[in-house]
Amino acid sequence: MGWRIQPKIEYILDKSLDDGISREEADALIRLDLRSKETYALMETADRLSRQTFGLKGENHLHIGVNLEPCPLNCRFCSLTKEAGIFTEKIEFEYEQILAWAREAESNGGDALNIMTTGTYSFNRLLELGERLKKAVAVPLVANTRDISHAEGEQLLEAGFVGAYHAVRLGEGRDTPLKKEKRIHTIQVFRDVGLKWMNCVEPVGPEHRPEELVELMFLAREYGAAYSGVMRRVNFPGSPMEKYGMITEFEMARLVAVSRLVMGRVPRAHCTHEPHTASMTAGANLFFPEKGSSPRDDQADTGKGRAMDIAACRRMHWETGWNPDLPSNCF
């Protein structure tokens, strides 16, 4: 049995290591049969590119959801919304609890703290939290909050944040009340004020068309994301998106590989979420262990729900040939 693949796909994969790939080529890769030799060749190429570029560093950026509430924005894929009906009261985790999670991450080799708030959380309280954490731990801080202005971006920097996670979500304006243009403006704000922009193509479901995915992959490249990978949508119990189902981890690995070739030499890491091994052999090297609130869980503290902790993520890094003890490439 030979291992020859389609000449067209062989040409795309060969050129991807030097010249990147076009939108049309990314579209062709996304449409490959999942069990084909071409898909395995795609994943091997993306994995090789990441190991050459990132020096075998496996990254762990701890997500800390600091609050939850019945959020009035009602993004259809989020469990923290009023319409989801899972959480009926506002909960804000105590600073001592957040600090304990941060110190646990620091002692276990965490590379960053991603501080997430719901869309209506007080911006001033986020700044206060950043200032306190900056004095208490040495792990870099990344904000994950609402759209912001230039003045607010500068305030994040002054409070101790060095980066911000922000995504134009799939279905933005359709499955959310937010405008795509405003989300992109916020990304430009990060660039203007000097905050590193962290991104993911998310939340991916079976209903999303290849052209939608390709558009967001190239947005990440165009705006120079520090990292950008793929996160699948997780349907919480009673989710209005349950009718569409979910993609598998292996399908996610194929998308991780395509997005890795799109990003080329631009990123400093490549993420996948939730943590799993398939994507770690298809171009990803960055996990998000989680504590506190999560838009994918029906537990207030996802650390007691579906989330993985840093220890579990570190084990998966080692099992797939990545070293979580090396210094981060992102900061």
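Predicted model: local features only at pLDDT ≥ 70, side-chain atom pairs only at ≥ 80, totals over all residues.
Helix α1, which covers residues 7-19, has 13 residues and reaches 18 Å from its first C-alpha to its last, close to the 18 Å expected at 1.5 Å a residue. An α-helix has 3.6 residues a turn, so residues three or four places apart point the same way. In α1, the buried residues are Ile9, Ile12, Leu13, Lys15, Ser16 and Leu17, and what covers them includes α2 (23-30), α3 (37-54) and α9 (249-263). After α1 comes Gly20, whose phi is positive, near 75°.

With 18 residues, α3 reaches 26 Å from its first C-alpha to its last, close to the 26 Å expected at 1.5 Å a residue. Among the residues of α3 that are buried are Glu38, Thr39, Ala41, Leu42, Asp47 and Phe54, and the elements that cover the buried residues of α3 include α1, α2 and α9. This helix, too, is followed by a glycine with a positive phi, Gly55, where the value is near 60°. Leu56, in the loop between α3 and β1 (59-65), has a positive phi of about 70° although it is not a glycine, and Leu56 is partly exposed, with a relative accessible area of 39%.

The crossing in which α2 passes α9 is right-handed, and the contact is made by Ala26, Leu29 and Ile30 on the side of α2, and by Arg254, Leu255, Val258, Leu261 and Val262 on the side of α9.

Leaving out residues up to four places away in sequence, Leu113 touches Leu62, Ile64, Ala102, Ala105, Val137, Val139, Pro140, Leu141 and Val142.

Strand β6, residues 161-165, holds Ala164, which is buried, with a relative accessible area of 3%. Apart from its neighbours within four places in sequence, Ala164 is in contact with Val142, Ala143, Phe190, Lys196, Trp197 and Met198. The C-alpha atoms of Ala164 and Asn199 are separated by 8.6 Å, although these residues are 35 residues apart along the chain.

A few details of the backbone remain. The peptide bond from Glu202 to Pro203 is cis, with omega near -15°, and Pro203 belongs to strand β7 (residues 196-204). Another cis peptide bond runs from His273 to Glu274, with omega near 5°, and Glu274 is located in the loop between β9 (272-273) and β10 (286-287). Asn74, in the loop between β2 (67-68) and β3 (91-92), has a positive phi of about 55° although it is not a glycine. Is Asn74 buried or exposed? Because buried means under 20% relative accessible area, Asn74 at 18% counts as buried.

Note on methods. Residues numbered from 1 in each chain as written. Heavy atoms only, no water. Helix = DSSP H or I, 4+ residues; strand = E, 2+ residues; numbered from the N terminus. Expected span 1.5 Å × (residues − 1). Buried < 20%, exposed > 50% of the residue type's maximum accessible area, 1.4 Å probe, protein only. Contact = heavy atoms within 4.5 Å. Left-handed = near helix turned anticlockwise from the far one by under 90°.
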